[in-house]
Amino acid sequence: MFATIKSKILVLIFALLCVLTCVLTGVSLYTFYHSKELIIAGNNSSIMGFEAQLNKEITEMEKEALDLAVMGEIYYQNGKNQETGEFFAKQLLKNYPNSMGNGIWFEPYEIDENRKSSCIHALWDEHGKIDFLPSCVRGDYDYFSRNWYAEIIKDLKAGKKISWTRPYKSSEVEFLMTTVGVGIYDQEKLVGIAMVDWQMDTILKSILTIKPTPNSFVLFADKTNDYIIATTEPGIDTSKVMSRSLKDLAWYSTALKEGAPFNYKGTKYIPYIKQLHNGLFLIINVPEHELFSAGIHHLHVVLSVLLIASLLIVGILYFVLKKNINQPIEKLTQTAEKIGQGNLNLAIHLDRPQELAQLASVLNKMTTDIKEHIINLARINQEKEKMESELAIAHTIQNSALPTDFPKNDVFELIASMTPAREVGGDFYDFFPVDKKHYAFVMADVSGKGITAALYMMSAKTMIKNMLQAGYPLTEAVSKVNQGLYDNHARGMFVTAFIGILDIQTGKVEYVSAGHCPPLLKKGNKYSYVKVIQNLVLGITPTYVYKKDSLQLKKNNRLFLYTDGVTEAQTKTEKLYGSERLQKTLNQNSKDTLSRVKGGIHRFTKGAEQSDDVTMMEIIFKKNLK
């Protein structure tokens with residue numbers, strides 16, 4: 001049925017029509033759903049701007065209250081002069097013009113034992129000037145009976161540092177307001193409050209005009225204290241529901257989440273929930289169909305255009321391919337078969353039609369690219385084999401340099417291990433007798449990777465052992481090693497090392513730490529880090545003067561040394577094992593310390609590739625000193 005090229009072209013064009021239609025439809029749907037996310041994010045960004053403006057004002061109110069509380073304490077502790085307090089309040093009100101007033105209010109008889117109330121209240125008058133509440137000046141204002149005062153005092157005594165009152169209308173003003181209060185203290189004693197009034201009517205007008213779409217509505221409320229401040233929900237009079245419980249709203253639920261749609265009266269809404277710094281919050285509910293109506297209309301138009309365009313493109317393609325197509329396709333097919341059989345020296349010469357000529361050019365380029373790729377692949381394999389050979393040599397050098405005959409006697413026991421990374425580093429350890437009384441041990445890490453680091457490690461290890469066994473004092477031996485490494489060092493390479501000498505008769509350890517990780521010492525049942533004098537790493541500066549330090553080992557004490565491959569072992573998300581986790585692992589009850597740490601690292605990294613050598617050593621002192 002499909003033996004001819006013409007029939008195959010027809011099938012190909014039909015299949016292409018189906019594939020093209022599916023792909024374009026999929027792209028359109030993806031674009032639509034992505035645009036939905038952008039629309040949601042755009043609305044969220046706009047609402048967040050309004051939220052940020054409100055939070056800025058709230059923060060300024062709280063800052064003014066905190067500043068006024070400091071002034072109140074100064075006023076209380078330095079003479080309690082009325083003019084001074086009024087000066088403080090007035091200056092702060094000038095600095096924070098968005099507040100409608102501020103004041104300091106003292107507990108009964110705190111300022112004057114003959115007068116129960118003592119307060120200073122500054123506020124803006126109708127002419128934009130600052131005035132003071134007359135009843136405060138006279139001392140006959142009974143603010144103790146006011147709800148705002150009682151709320152703030154209750155919160156402060158309960159341990160809050162800043163308290164916001166429920167929105168209310170004062171007897172002195174007719175508009176809605178809220179008050180923020182901060183405690184004034186004499187030592188630990190609460191002697192009064194500093195408060196700032198915030199007029200909410202203007203804020204409410206701004207909130208209630210938020211309308212991302214025609215049928216959106218807003219809720220402004222206090223979730224913590226469970227009451228409504230204002231709402232623009234259709235059919236609800238905000239003045240009648242103010243201060244009522246949120247449970248009175250049919251659509252509201254404590255399980256409501258931002259961006260999670262909910263159904264209300266047959267309409268699906270998307271909520272935007274914004275928490276303000278003072279505990280109040282906004283919910284803007286937007287009908288989903290209104291939010292995405294433009295996008296849905298655009299999707300319908302795009303799908304229609306794409307379908308028509310697909311039909312036109314496929315029809316044109318059919319007539320172009322139909323004309324004089326058999327011979328060029330056959331030529332291309334035969335040549336492609338030969339290329340597929342391995343003849344990469346063929347070239348296709350085809351001038352027309354243009355599309356097939358272009359395809360021939362692509363096949364010719366593909367043939368050239370395949371030849372180049374084969375050459376490059378051969379070169380890469382050669383380089384890989386060379387690198388693997390180098391790594392194998394480096395591994396051999398590194399492993400052969402490490403002693404395995406661990407000392408174990410009645411005086412002390414030494415154990416060590418090194419788990420190499422795939423790319424060979426330069427970690428090494430060593431231990432050897434210096435004389436009949438002293439035993440040396442080394443834990444070191446060479447910078448760099450590969451065979452260069454392995455050879456440099458061998459050089460450092462040999463120098464350290466030779467200098468110590470030659471009888472040089474510890475610091476002099478380290479200095480000579482440093483000089484030797486500097487004279488022979490490869491560019492950019494250095495060694496961190498912890499070099500110690502154990503007096504097997506007294507248990508005293510003298511050591512030099514050349515930029516190395518601090519060891520842990522177990523006394524009793526706990527390991528703790530040794531505070532070491534850190535010197536410069538070896539091989540950088542030839543004239544550096546190294547300083548030694550010492551510690552005392554007693555019976556059953558353990559000294560644990562390691563390289564940074566332990567603490568810098570990391571997970572696939574690059575989280576480090578760390579020094580605290582190492583100490584915690586060591587302090588678990590187990591005799592086999594090195595295996596316990598290896599197991600801890602393995603469980604922590606969860607199969608992540610090891611990036612550095614993991615090298616450890618522990619010295620267990622057994623001698624009972626008199």
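Visitor: Which residues form a nonpolar patch on the surface?
Guide: The patch is formed by Ile308, Leu312 and Ile316, and together these residues have about 320 Å² of accessible area. Please keep in mind that this is a predicted model.

Visitor: Where is the place of Ile308?
Guide: Ile308 belongs to helix H8, which covers residues 293–322.

Visitor: Does Ile308 count as buried or exposed, and why?
Guide: Ile308 counts as exposed because its relative accessibility is 53%, and the cut-off for that class is over 50%.

Visitor: Stepping back, how many helices and strands are there in the protein chain?
Guide: The protein chain contains 15 helices and 23 strands.

Visitor: What share of the residues is buried?
Guide: Of the 626 residues in the protein chain, 44% are buried. The accessible surface of the chain comes to about 34100 Å², and carbon and sulfur atoms account for 55% of that surface.

Visitor: And what share of the contacts is between residues 24 or more positions apart?
Guide: Among contacts with a separation of 6 or more in the protein chain, 63% are between residues 24 or more positions apart.

Visitor: Which residues does Asp197 touch?
Guide: Leaving out residues up to four places away in sequence, Asp197 touches Met61, Ser99, Met100, Gly101, His121, Tyr168, Met177, Thr178 and Thr179. One of these, Ser99, is 98 residues from Asp197 along the chain, yet the C-alpha atoms of the two are separated by 5.9 Å. With another, Thr179, Asp197 makes a polar contact of 2.7 Å between side chains.

Visitor: What about Thr496, where is its place?
Guide: Thr496 is in strand E16, residues 495–503. Its relative accessibility is 14%, so Thr496 counts as buried.

Visitor: Which side chain does a polar contact join to that of Thr496?
Guide: The side chain of His516 is the partner, at 3.0 Å. His516 is also one of the residues in contact with Thr496 when neighbours within four places in sequence are set aside.

Visitor: Changing topic, how many aromatic pairs does the structure hold?
Guide: The structure holds 26 aromatic pairs. In one of them, the ring centres of Tyr141 and Tyr143 are 6.1 Å apart and the planes stand at 65 degrees, so the pair is edge-to-face. Both Tyr141 and Tyr143 are buried.

Visitor: How are the rings of Trp148 and Tyr149 placed?
Guide: Their centres are 5.9 Å apart and their planes are at 80 degrees, so this pair is edge-to-face. Trp148 is buried, with a relative accessible area of 9%. Tyr149 is buried as well, at 4%.

Visitor: Which residues do ring pairs link into a cluster?
Guide: The cluster consists of Trp105, Tyr141, Tyr143, Phe144, Trp148 and Tyr149.

Visitor: Now for charges: how many salt bridges are in the whole structure?
Guide: A search finds 13 salt bridges. One of the salt bridges joins Lys274 and Glu258, whose closest N and O atoms are 3.1 Å apart.

Visitor: Which parts does that pair tie together?
Guide: Lys274 lies in strand E11 (residues 267–275), while Glu258 lies in the loop between helix H6 (238–241) and strand E10 (262–264), so the pair ties together parts that are 16 residues apart in sequence. Lys274 counts as buried at 6% relative accessibility, whereas Glu258 is partly exposed at 37%.

Visitor: Which residue does Asp155 meet in a salt bridge?
Guide: Asp155 meets Lys160, with an N to O distance of 3.9 Å. Asp155 counts as buried at 18% relative accessibility, and Lys160 is partly exposed at 45%.

Visitor: And what is the distance for Lys508 and Glu510?
Guide: The side chains of Lys508 and Glu510 meet in a salt bridge of 4.0 Å, N to O. Lys508 counts as partly exposed at 36% relative accessibility, and Glu510 counts as partly exposed at 26%. Salt bridges that share partners join Lys508, Glu510 and Lys548 into one network.

Technical notes: Residues numbered from 1 in each chain as written. Predicted model: local features only at pLDDT ≥ 70, side-chain atom pairs only at ≥ 80, totals over all residues. Heavy atoms only, no water. Helix = DSSP H or I, 4+ residues; strand = E, 2+ residues; numbered from the N terminus. Buried < 20%, exposed > 50% of the residue type's maximum accessible area, 1.4 Å probe, protein only. Contact = heavy atoms within 4.5 Å. Areas by Shrake-Rupley, 256 points an atom, 1.4 Å probe, with all protein chains shown as cover. Patch = residues over 30% accessible without salt bridge, like charges linked within 9 Å, V, L, I, M, F, W, Y side chains within 5 Å. Polar contact = N/O pair within 3.5 Å; in protein donor to acceptor, adjacent residues only side chain to side chain. Phe/Tyr/Trp six-rings, centres within 6.5 Å; stacked < 30°, edge-to-face > 60°.
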